[in-house]
Protein chains: 2
Amino acid sequence: MNYKAAITVTLRPSVLDPAGTAVCEALAQMDYTATSVRIGKYIELELAASCDTEAKECVTQMCDRLLANPVIETYRFDVTPLP
Amino acid sequence: MNYKAAITVTLRPSVLDPAGTAVCEALAQMDYTATSVRIGKYIELELAASCDTEAKECVTQMCDRLLANPVIETYRFDVTPLP
């Protein structure tokens with residue numbers, strides 16, 4: 001069965017985010033009032049697995065081994081079956 | 001009132017995603033069966049607005065003017081009031 005995974009990888013709160021700070025300053029120059037901008041990654045992929053549990057386990061391994069850096073990032077994901 | 005916006009910016013389906021392809025090939029080398037990997041951005045920010053509608057309008061403008069490139073990207077967002 002095929003599944004679609006939507007993964008969000010974000011920096012841990014204690015890690016500085018210079019890109020987010022730059023965006024925050026750019027928004028301020030455009031007269032918007034945004035504060036504490038943080039920029040992360042959003043990854044969508046499709047995978048084959050025999051059941052929901054296997055799909056989630058597989059995505060967890062992908063995140064731990066490649067998609068996220070566990071030292072500075074955290075991740076969360078949703079796995080949904082494809083028709 | 002303060003609001004938190006969670007914005008997801010993704011490439012339009014017709015736009016090539018070389019980074020996604022690279023990740024897909026790396027996952028294949030690690031014996032995972034992922035297909036069609038697409039990589040986008042996830043942006044979290046806080047903003048002040050008088051009501052939900054104003055907050056959503058403000059985030060839409062930020063996305064259109066700075067956070068997303070409407071030629072090659074689409075975006076979606078959730079706005080939630082902060083306590």
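**Note on the A–B sheet and interface**

1. A:I43 sits opposite B:I39, a residue of strand 2 of chain B. That pair belongs to a predicted model. Behind both pairs is the antiparallel pairing of strand 2 of chain A (residues 35-48) with strand 2 of chain B, which runs over nine bridges.

2. What sheet do these strands belong to? An open one of six strands, ordered 3(A)-1(A)-2(A)-2(B)-1(B)-3(B), with antiparallel pairing. Its edges are strand 3 (73-81) of chain A and strand 3 (73-81) of chain B, each of which pairs on one side only. From one strand to the next, the twist averages 20 degrees.

3. Now the chain B part of the sheet. Strand 1 of chain B pairs with strand 2 of chain B over eight bridges, in the antiparallel sense. Two positions can be checked by eye. B:A5 faces B:L45 of strand 2, and B:Y3 stands opposite B:L47 of strand 2.

4. Strand 1 of chain B also pairs with strand 3 of chain B. These two run antiparallel and are joined by nine bridges. B:K4 has B:T80 of strand 3 as its bridge partner. B:T8 stands opposite B:R76, also in strand 3 of chain B. As a general point, side chains in a regular strand alternate between the two faces of the sheet.

5. Helices pack on this sheet. Helix 2 of chain B touches strand 1, strand 2 and strand 3 of chain B, and its direction makes about 150 degrees with that of strand 3 of chain B. Helix 1 of chain A (residues 18-29) touches strand 2 of chain A together with strand 2 of chain B. The direction of helix 1 of chain A makes about 125 degrees with that of strand 2 of chain A.

6. How many residues does each chain give to the contact? Chain A gives 30 residues and chain B gives 30 residues. Interface size is often quoted as the accessible area lost when the parts come together. Here chains A and B bury about 2600 Å² between them, and 61% of this lies on carbon and sulfur atoms. On the chain B side, B:Y32, B:Y42 and B:L66 lose the most area to chain A, together 24% of what that side buries.

7. Polar links across the interface deserve a look. Twelve residue pairs are in polar contact between chain B and chain A, counting pairs with both residues at pLDDT 80 or more. Salt bridges between the two chains number zero.

8. Which elements of chain B give two or more residues to the side that touches chain A? They are strand 1 (2-11), helix 1 (18-29), strand 2 (35-48) and helix 2 (52-67). Strand 2 of chain B supplies the largest share, 14 residues. By type, the residues on this side of chain B divide into 17 nonpolar, seven polar and six charged.

9. Salt bridges over all chains come to two. One of them joins A:E44 to A:K4, with the closest N and O atoms 3.9 Å apart. The pair links distant parts of the chain, 40 residues apart: A:E44 lies in strand 2 of chain A, and A:K4 in strand 1 (residues 2-11) of chain A.

Methods. Residues numbered from 1 in each chain as written. Chains lettered and ligands numbered in written order. Predicted model: local features only at pLDDT ≥ 70, side-chain atom pairs only at ≥ 80, totals over all residues. Heavy atoms only, no water. Contact = heavy atoms within 4.5 Å. Buried area = accessible area lost by both parts, 1.4 Å probe. Salt bridge = Lys/Arg side-chain N within 4 Å of Asp/Glu carboxyl O. Polar contact = N/O pair within 3.5 Å; in protein donor to acceptor, adjacent residues only side chain to side chain. Helix = DSSP H or I, 4+ residues; strand = E, 2+ residues; numbered from the N terminus. Nonpolar A, V, L, I, M, F, W, Y, C, P; charged D, E, K, R; others polar. Pairing = 2+ DSSP bridges. Axes fitted to C-alpha atoms, helices over the stretch in contact; angles between N-to-C directions.
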